[in-house]
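This report describes one protein chain for a reader who is new to structures. It goes from the overall order of elements to a few local features.

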Amino acid sequence: MKMNKSFILAIVVLTLFTVASVAMAGPTITMWMQNYGDRAIQVKIMDKLVSEFKEETGINVEYEIQNWDTAFNKWTLVSKGGPAPDVGDMFWLYSNVAMGNGKAGPMRLDEYKEELKLDRFASLGDVTYQGKVYGIPWRVDIRPLAYRSDLLEEEGYTEPPSTWEELVEYGKKLT
């Protein structure tokens, strides 16, 4: 009988210690992101950012770097009501916003547009669906078009293509 009381007391103390440890550690959020290049460098950068974020906010971040070949299936599962992270770096925004019948999927950020200064992004269309903003653009680069003017001139073109249709037309004529 004495051993049972000691065992129960030990379990209670261990449980209280565990709960106290978790409470002292602060809240935790989860984040999924795609792999961008060298995974070791990405982990090093993320570890630094997570540490700085925890220091500033007291919030722990557990992140998971996903391979591109599995990310789409994971996000599709999430949009159907599967287990989801608190924060996600989502490349396939358009395909996921419409899923879940409004019960699951990305959170709209319309009310945070001003605070996040989203109007500074030229690529805001990448994160907008049916007039609603669902994310922060991750792509803010400009894609240059490199071409040889001498080859264009040989085919009678004086300017580079300015539309997708012109690019296809030029390509066919130059090939």
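From the N terminus on, the elements of the protein chain follow the order α-β-α-β-α-β-α-β-β-α-α. That makes 6 helices and 5 strands. The model is predicted. Of its 175 residues, 22% count as buried.

**Salt bridges**

Side chains of opposite charge can pair when their charged atoms come close. In this model the count comes to 3 salt bridges.

| Pair | Closest N to O distance |
|---|---|
| K48 and E52 | 2.5 Å |

K48 and E52 both belong to helix α2, where they are 4 residues apart, about one turn of the helix. K48 is exposed, because its relative accessible area is 52% and exposed means over 50%. E52, with 38%, is partly exposed.

K74 counts as partly exposed at 26% relative accessibility, and E64 counts as partly exposed at 33%.

Rolling a probe the size of a water molecule over the atoms shows where empty space is left. The second largest pocket holds about 190 Å³ of space. Its lining consists of I29, M31, M46, L49, V50, F53, V61 and V87. Two elements, β1 (28-34) and α2 (39-57), each give two or more residues to this lining. The most come from α2, with 4 residues. What classes of residue make up the lining? It has 8 nonpolar residues, no polar ones and no charged ones.

On the surface, L145, Y147, W164, L167 and V168 form a nonpolar patch, with about 510 Å² of accessible area together. One of them, L145, lies in the loop between β5 (132-133) and α5 (149-154). L145 is partly exposed, with a relative accessible area of 42%.

Most residues other than glycine have a negative phi. K117 has a positive phi, near 55°, and is a residue other than glycine. K117 is found in the loop between α4 (93-97) and β4 (128-129). With 51% relative accessibility, K117 counts as exposed.

Notes. Residues numbered from 1 in each chain as written. Predicted model: local features only at pLDDT ≥ 70, side-chain atom pairs only at ≥ 80, totals over all residues. Heavy atoms only, no water. 1 Å grid on protein atoms, 1.4 Å probe; cavity = no way out; pocket = protein on both sides within 12 Å on 5 of 7 lines; lining within 4 Å. Points joined across faces, edges and corners; volume = space filled by probe spheres on them. Nonpolar A, V, L, I, M, F, W, Y, C, P; charged D, E, K, R; others polar. Patch = residues over 30% accessible without salt bridge, like charges linked within 9 Å, V, L, I, M, F, W, Y side chains within 5 Å. Areas by Shrake-Rupley, 256 points an atom, 1.4 Å probe, with all protein chains shown as cover. Salt bridge = Lys/Arg side-chain N within 4 Å of Asp/Glu carboxyl O. Buried < 20%, exposed > 50% of the residue type's maximum accessible area, 1.4 Å probe, protein only.
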